[in-house]
Structure formats: C-alpha cells, structure tokens
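Hi,

Here is the model I promised to pass on. Have a look, and my notes follow below.

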Amino acid sequence: MIAGGCQCGAIRYSLAGPLPPAYACHCGECKKQSASAFSMSIPLDYDQLQVEGTPISFTTTAFSGRAKHNFFCANCGTRLWHSGSIPPDSITLKVGSLDDSSGIAPQGHLWVSKKQAGIKLDQAIEQFDTQPDDVTEWRGNLGQNS
C-alpha cells in the first residue's frame, strides 16, 4: 500500500501500487503552487485513492484554457492533487504529498523554457520547452520512451 497526505494529518490517502511514472513541470504556476523550483505529479484515476478527510478546492485556468481544480487541506494548505472536474476523476497527484517519494524520479519534463537557473536535467529524459499538444496522452505514455 502507498500512502500520503497533508502536513498536519487532517487528510490521508492510500492506494495500491505500483504508481504510474511521475513528471516534473517547471511552469510559473507550478513553481508558485509548490513554493519551489518545479512540481512533480503522478497522473492517475481518482477512484484509485482511498481518502480520509475532506480536501477543499479552488479553481484556476490551466494553460489549455480549461478549469483546473486544485485540491488541498483547509487546515495546513498542503496541495494534494489537481483535476479537470468536480467531483475529480483523472487527477495529478502531487509527489510531495506521498509519505515516501524517495524512489520517484520524473520520466518527463514540461515547460523547461521556464526552468529555474541551476537546475540540471537528465538529457535522456523527454523534455518540452512548453508542453505537448495532447498533454493527457503524453502523461499516459510516460516512461515508455525511456
């Protein structure tokens, strides 16, 4: 079982492994939401999660122009996942919310044109200056070209 949750413990989740491949995004929005140089996400179906607690959400507009629902803990503010719908169906789980993310390396990079100075990327991993035309399809194929 794989588990994770927010910083304060008010929201916990678990899922059966293995996890799909992760990717890193270096866009300005991801830097802002992670308060770091980039964010890492794992695409999966929301129904794979067993969630204890009730996250809240706010909506932003994604690069595609579609609504992006950002789910987080109301107590501590930890970002947990994003979804294009409410209730969530397909999500991008935030790697930093896992209890143990030590074995997870990104299998692709988006928005490297916005990459923080000094961050070195593995040139063998797929990279996009912005993002592929069909980012959903790309997420589904992560790690298959490595």
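How much space lies in the largest pocket? About 920 Å³. Of the 34 residues that line this pocket, Tyr23, Thr92, Val135, Thr136 and Arg139 are the closest to its centre.

Before you go on, some housekeeping. This is a predicted model, so local features need pLDDT of at least 70 and side-chain atom pairs count only at pLDDT 80 or more, while totals for chains, interfaces and linings use all residues. Residues are numbered from 1 along each chain as its sequence is written, and side-chain values use heavy atoms, with hydrogens and water left out.

As for how pockets were found: on a 1 Å grid over the protein atoms alone, a pocket is an open set of points where a 1.4 Å probe fits, with protein on both sides within 12 Å along at least five of seven lines, and lining residues have an atom within 4 Å of a point. Points are joined across faces, edges and corners, and the volume is the space filled by probe spheres set on them.

Back to the largest pocket. Strand E3 (22-25), helix H1 (28-34), strand E4 (39-45), E7, E8, E9 and helix H2 (135-140) each supply at least two residues of its lining; these are DSSP runs numbered from the N terminus, helices being H or I with at least four residues and strands E with at least two. E4 gives the most, with five residues. By class, the lining has 15 nonpolar, eleven polar and eight charged residues (nonpolar is Ala, Val, Leu, Ile, Met, Phe, Trp, Tyr, Cys and Pro; charged is Asp, Glu, Lys and Arg; the others, Gly among them, are polar).

The second largest pocket has a volume of about 220 Å³. H1 and E4 each supply at least two residues of its lining, which includes Gln33, Phe38, Arg79 and Lys94. Its lining divides into three nonpolar, seven polar and two charged residues.

Now for strand E8 (residues 79-83). Five of its five residues are buried, so E8 is largely enclosed by the rest of the structure (buried is under 20% relative accessible area, with a 1.4 Å probe and protein chains only). E8 pairs with E7 (residues 67-72) in the antiparallel sense over four bridges, where pairing takes at least two DSSP bridges. Here Phe71 stands opposite Trp81. Six residues lie between the strands of this hairpin, and Gly77 takes a positive phi near 85°. Three bridges join E8 to E9 (residues 90-94), also antiparallel, and His82 stands opposite Thr92.

Cheers

Notes. Buried < 20%, exposed > 50% of the residue type's maximum accessible area, 1.4 Å probe, protein only.
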